[in-house]
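Please open the structure in the viewer and keep the selection tool at hand.

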Amino acid sequence: MLINKAYKFRLYPSKEQEIFIAKTIGCSRFVFNRFLGQWNDTYQETGKGLTYNACSAELTQLKKEFVWLKEVDSIALQSSLKNLADSYTRFFKKQNKAPRFKSKKNQVQSYTTKETNSNIAIVDNKIKLPKLGYVRLAKSRKVEGRILSATVRRNPSGKFFVSIVVKTDVQPLKKTESSIG
């Protein structure tokens, strides 16, 4: 039986990598907030939101306007758009409230990147992330399965963590006739 499993490890980035992580988080927040504003305007006028595909196509034009968006991982920017589209889908299904703008003062800041062409890999006590390179991590256990995505987080105390989602095969336990409790 295939399941998704998550592993969380502490990261120890260098000063340059810390700056790059901060840039990526900032750019992801900028893209989210920019398209949330457009989405809100469209919703006010028509009663419907935009689509992920329309926003994704416009993101390419936005990168030409704001050159600094090209410096960071493009998959992280696409992920923030995907999160926005998912939150609006849940809003239209009445599952949650409308999405809100992201603040720079938020306690925990993060960005997510997806695995494509082996751009995320764990080698010894380092993890390879797109555009970031190899980052030292405190590897407490072996990661088993095919890596799907990685989320880099910075908590309020300035510590960095990475959550890795893998698809792994798990054998279900046999049912017994005994009971507990």
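In which loop is the place of Lys131? Select Lys131: this residue of the predicted model sits in the loop between E4 and E5. Its phi is positive, about 65°, although Lys131 is not a glycine. Most residues other than glycine have a negative phi. With a relative accessible area of 52%, Lys131 is exposed, because the cut-off for that class is over 50%.

Next, select Lys94, in the loop between helix H3 (74-92) and strand E2 (109-114). Here too the residue is not a glycine, yet phi is positive at about 65°. The relative accessibility of Lys94 is 75%, so this residue counts as exposed.

Now turn to the interior. In soluble globular proteins, nonpolar side chains tend to be buried together. Select Leu11, Ile127 and Val162: within the largest nonpolar core, which has 22 residues, these three touch the most other members. At least two residues of this core come from each of strand E1 (2-12), helix H1 (15-46), strand E4 (126-129), strand E5 (133-138), strand E6 (146-154) and strand E7 (160-169). E7 provides the largest share, 4 residues.

Keep Val162 selected and display its surroundings. Leaving aside residues up to four places away in sequence, Val162 touches Tyr7, Lys8, Phe9, Leu11, Ile127, Ala150, Thr151 and Val152.

Finally, select Val31, Phe35, Leu62 and Val72. These are among the 18 residues of another core, which lies apart from the largest one.

Conventions:
Residues numbered from 1 in each chain as written. Predicted model: local features only at pLDDT ≥ 70, side-chain atom pairs only at ≥ 80, totals over all residues. Heavy atoms only, no water. Core = buried A, V, L, I, M, F, W, Y, C linked by side-chain atoms within 4.5 Å. Buried < 20%, exposed > 50% of the residue type's maximum accessible area, 1.4 Å probe, protein only. Contact = heavy atoms within 4.5 Å.
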